[in-house]
Amino acid sequence: MLLEREPLKSRYRDILLYRLTYVSEGLRVKGYLAVPAAASALSPYPGLIYCRGGIRKVGMVRKRRIMSMARRGYCVFAPFYRGNEGGEGREDFGGEDRYDVCHAITLVRSLPEVKRGPVPLIGFSRGAMMALLAAKQCPDAGPVVVWGGVSDLFHTYEERVDLRRMLKRVVGHPRKQSEAYEERSPVYWLERISVPVMIVHGTADSQVGVAQARKLAEGLERAGKDYAMELYEGLDHRFPKEEDEKALDAVFGWITGKLAQAEQA
């Protein structure tokens, strides 16, 4: 799966940073890997996938973001998705590019410094769809964090007039291509999610309304799924630094707890 591992300059002494190239459905796809310097084959750390939001250059992976996650004791891989930063193919917002996340899970599990076991995912914004699609399809996916996440693409089409042109071009019109919208909308297939889910959302989110978080929580509740939700009062799509770090602490505390439960099961 792994074709190339290119070392990059890291802003932290205790974190190593790489650009990886791997194969997804025959395409060369790229992404960033942030690894604690102490991680090795003899002392492996748990792996984690960060699913970025946006599309193409909008919402591209930020190095500082994944290094901050890695400093919490995880080997973090963030795929760019196909067609980005020199990768082959063309991303399609939760269509065929969902396989880039599934293959990323396999890739992470093969790395020598990664501990064996399920691989948790954090999906931000559009990345929430990608993370939950992976949880539905990939047997090695671990618990999923949905952060400011899209759970109903029909809802996104209605609330984000500025995205309609892109959505019609990439996914189609919600009335004419309703099946494509349902396939990308987790609220329509929550019975097929078997891993724990944590929902993180700002109540003043101007890009993905908090109603999507509540709708996802209600669906998980009806389906009898293991989930938690933390709403951050007055916060927008991206949290200020201090609140963001506190939210990350809560997220990683939850992930670590769920992985420990899975080990004991």
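This report describes selected local features of a predicted model.

## Helix H7

Helix H7 covers residues 210-222. With 13 residues at 1.5 Å a residue, H7 should span 18 Å, and the distance of 19 Å between its end C-alpha atoms agrees with that expectation.

Several residues of H7 are buried, namely Val210, Gln212, Ala213, Leu216, Ala217, Gly219 and Leu220. The elements that cover these buried residues include strand E7 (141-147) and helix H4, as well as strand E8 (197-202) and strand E9 (227-232). As a general rule, an α-helix has 3.6 residues a turn, so residues three or four places apart point the same way.

## The end of H7

Arg222 belongs to helix H7. In contrast to the buried residues listed for H7, Arg222 is exposed, because its relative accessible area of 69% lies over the 50% cut-off. Between the C-alpha atoms of Arg222 and Glu191 the distance is 9.3 Å, while 31 residues separate the two in sequence. Just after H7, Gly224 adopts a positive phi of about 70°.

Arg160 is placed in the loop between helix H4 (153-159) and helix H5 (164-170). Its relative accessibility is 14%, so Arg160 counts as buried, the cut-off being under 20%.

The side chain of Arg160 is joined to that of Asp162 by a polar contact of 2.7 Å. When residues up to four places away in sequence are not counted, Arg160 touches Ser206 and Gln207.

Most residues other than glycine have a negative phi.

Glu25 sits in the loop between strand E2 (15-24) and strand E3 (27-36). With a relative accessible area of 48%, Glu25 is partly exposed.

Tyr81 is buried, because its relative accessible area of 0% falls under the 20% cut-off.

Conventions
Residues numbered from 1 in each chain as written. Predicted model: local features only at pLDDT ≥ 70, side-chain atom pairs only at ≥ 80, totals over all residues. Heavy atoms only, no water. Helix = DSSP H or I, 4+ residues; strand = E, 2+ residues; numbered from the N terminus. Buried < 20%, exposed > 50% of the residue type's maximum accessible area, 1.4 Å probe, protein only. Polar contact = N/O pair within 3.5 Å; in protein donor to acceptor, adjacent residues only side chain to side chain. Contact = heavy atoms within 4.5 Å. Expected span 1.5 Å × (residues − 1).
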